[in-house]
Amino acid sequence: MSAFQYTKEEKELNKVLKYNQKLSENLLNEEDYKKTRNSANENINSSERLLKELGYGKELSNVKRNTQNTTRDSKLQHSSELEEWEALLQKAEKEVPEETFLEDILSQEEIARVYNELDEINKEFSQKTSIINKTDLSFLAVATALQVTKVLLFPYFAEKAKYGESFDKTERLIHNDKSIEKAHREANDSFRDKHSETHGKGYWINILYQTPPYDITKGSKDLGINMQGKYHRMYTLGHDPILGWLFGTANILTDVITMNDFHSYRVERKPHMRITGEKVKMDKLFEESYHVIKADYLNLLAAIFAQAQHLKSDEYTKVGLPVPLLASFNETFASDLYKKQYDALCFSRDVKIVTTSYIVSIFIDMIISSVHSLFRSESEEQKLYSVRTRKILLVSNTIASTSSILNAYITKNPKKLDIGSLLLTVTHLFTDVRFMAKIKDEFIHNEINKKVCQELEETDKIFREYL
């Protein structure tokens, strides 16, 4: 019997290792090979003795050193052909039919050396992180497993929510669709009827029904501005889902159009609607808006309502609305996204998905913190115990997000497994001493530990200041 437990795959690997070990031993013990090797070794040794007797000891040392360097740096010109795993396993099953354990492959000294290496890894990991307590180490494994589980499940839910995808134009309406126009007109009529009974008529009614100035493109070419035809929404701040509430409302109040570079131009409606060459400075735009609002407060309400209705009527059309703010800071990138049917609704969807992922991470940290606090004894100071919890969360989040071993084991092709298989994989891995040893060893020797050294040092300061 073995002191270790094995999975089916590990038992197969043991057989293959034992089979290869037998092949190597047979090769070393083969009489013809042994004679050839011994003869070659004797010839080499006698040649070296002769060269040294003739006074060429220094030259011999240089040749041997150069040969070693050349051998180390050279690439194999002839490599053996690797067998398929199944074929190799069949040969191993035939040559090693009995169940094989590590004790059949490694000597007791080699097994003891492995345990010593494991102890060294655990010791150094504890020294670097100050996570020594067995309970804390268990919580570290659980916290890391939970964060990894979140990473694994993210592609499933993201794919279901169409994360990062552009919208399907066939599922959108044309900009002048009758249903859009009807809903827009009915909303305007309702607003008008509600306020005209108590407020009477005024300029605010014009604001409701006239075309917003930022929807006018004629005259832009005369100013050297290319508004890209149907993509003009990206070049006007009135169509920006965020900035539009300020600039779009001000534009509607003053008949001014503000471009994505924050330059504004006067719009005229007669004899034809067009953008004029008259520039309007920013302070003048808001000063004029103030006077229009001062003349009748309902002008502001009507302008905000018109802005809301216009954004609402545009967002589900085949062109949609541009990603907020982006066009003002990176027009080229914004244009590329917009023309690929990635609009404000796509961006809003993706922000919600990323925000949800962040909230889940916070929730996991809260669970670990809450449960870990239950293990605090009355003799332990709350403040010092909280520092231990903080270290667990810090190290677990770092390992889960940066470990190349985790990526290789789990996250490389997560879509090939179903959710149940993924969760089972995580459970097996994080209860496997060997796997956790690899994770700790990577943390010790790779760059990922540098990212948390500063924060770990800060938590250690709390200990030193408190004690």
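Me: What does "partly exposed" mean here?
Reply: Buried means under 20% relative accessible area, exposed means over 50%, and partly exposed is in between. The model is predicted.

Me: Why is Leu173 called partly exposed?
Reply: Leu173 has a relative accessible area of 35%. Buried needs under 20% and exposed needs over 50%. The value for Leu173 is in between, so Leu173 is partly exposed.

Me: Where is Leu173, and which residues does Leu173 touch?
Reply: Leu173 is in the loop between helix 6 (134-160) and helix 7 (178-199). Leaving out residues up to four places away in sequence, Leu173 touches Ser179, Ile180, Tyr316, Thr317 and Lys318. Take Tyr316. Leu173 and Tyr316 are 143 residues apart in sequence, yet 6.6 Å apart in space, C-alpha to C-alpha.

Me: What makes Asp255 buried?
Reply: Its relative accessible area is 15%. The cut-off for buried is under 20%. Asp255 sits in the loop between helix 9 (244-254) and strand 1 (256-258). Its phi is positive, about 55°, although Asp255 is not a glycine.

Me: Is Phe262 buried, exposed or partly exposed, and how do you know?
Reply: Phe262 has a relative accessible area of 32%. Phe262 lies in the loop between strand 1 and strand 2. Its phi is also positive, near 75°, and Phe262 is a residue other than glycine.

Me: What joins Lys270 and Pro271?
Reply: A cis peptide bond joins Lys270 and Pro271, with omega about 0°. Pro271 is in the loop between strand 2 (264-268) and strand 3 (274-280).

Me: Which residues of helix 13 are buried, and how do you know which side they are on?
Reply: In helix 13 (residues 331-339), the buried residues are Ala334, Ser335, Leu337 and Tyr338. They cover an arc of only 165° around the axis, so they are on the same side of helix 13. In an α-helix there are 3.6 residues a turn, so residues three or four places apart point the same way.

Me: What covers that side, and what follows helix 13?
Reply: Helix 12 (326-329) is included in what covers the buried residues of helix 13. Gln341 follows helix 13, and its phi is positive, near 65°.

Me: What makes a set of residues a nonpolar core?
Reply: The members are buried nonpolar residues joined through side-chain atoms within 4.5 Å. The largest nonpolar core has 21 residues. Trp204, Ile207, Ile257, Met259 and Ile275 touch the most other members. Helix 8, helix 9, strand 2 and helix 11 each give two or more residues to this core. A second, separate core has twelve residues, including Ile131, Ile364, Ile399 and Ile439.

Me: Which residues is Ile207 in contact with?
Reply: Neighbours within four places in sequence are set aside. Ile207 is then in contact with Ile252, Leu253, Asn299, Ala302, Ala303 and Ala306.

Me: What lines the second largest pocket?
Reply: Its lining has 29 residues, and His175, Asp215, His310, Ser313 and Asp314 lie nearest the centre. Helix 7, helix 8 (203-209) and helix 11 (297-315) each give two or more residues to the lining. Helix 7 gives the most, with five residues. By class, the lining has ten nonpolar, eleven polar and eight charged residues. The space in this pocket is about 700 Å³.

Conventions
Residues are numbered from 1 along each chain as its sequence is written. This is a predicted model: local features need pLDDT of at least 70, side-chain atom pairs count only at pLDDT 80 or more; totals for chains, interfaces and linings use all residues. Side-chain values use heavy atoms; hydrogens and water are left out. Buried means under 20% relative accessible area, exposed over 50%, partly exposed in between (1.4 Å probe, protein chains only). Helices (H or I, at least four residues) and strands (E, at least two) are DSSP runs, numbered from the N terminus. The arc is that of the directions from the helix axis to the C-beta atoms. Contact means heavy atoms within 4.5 Å. On a 1 Å grid over the protein atoms alone, a cavity is a set of points where a 1.4 Å probe fits but cannot get out, and a pocket is an open set with protein on both sides within 12 Å along at least five of seven lines; lining residues have an atom within 4 Å of a point. Grid points are joined across faces, edges and corners, and a volume is the space filled by probe spheres set on the points. Ala, Val, Leu, Ile, Met, Phe, Trp, Tyr, Cys and Pro count as nonpolar, Asp, Glu, Lys and Arg as charged, and the others, Gly among them, as polar.
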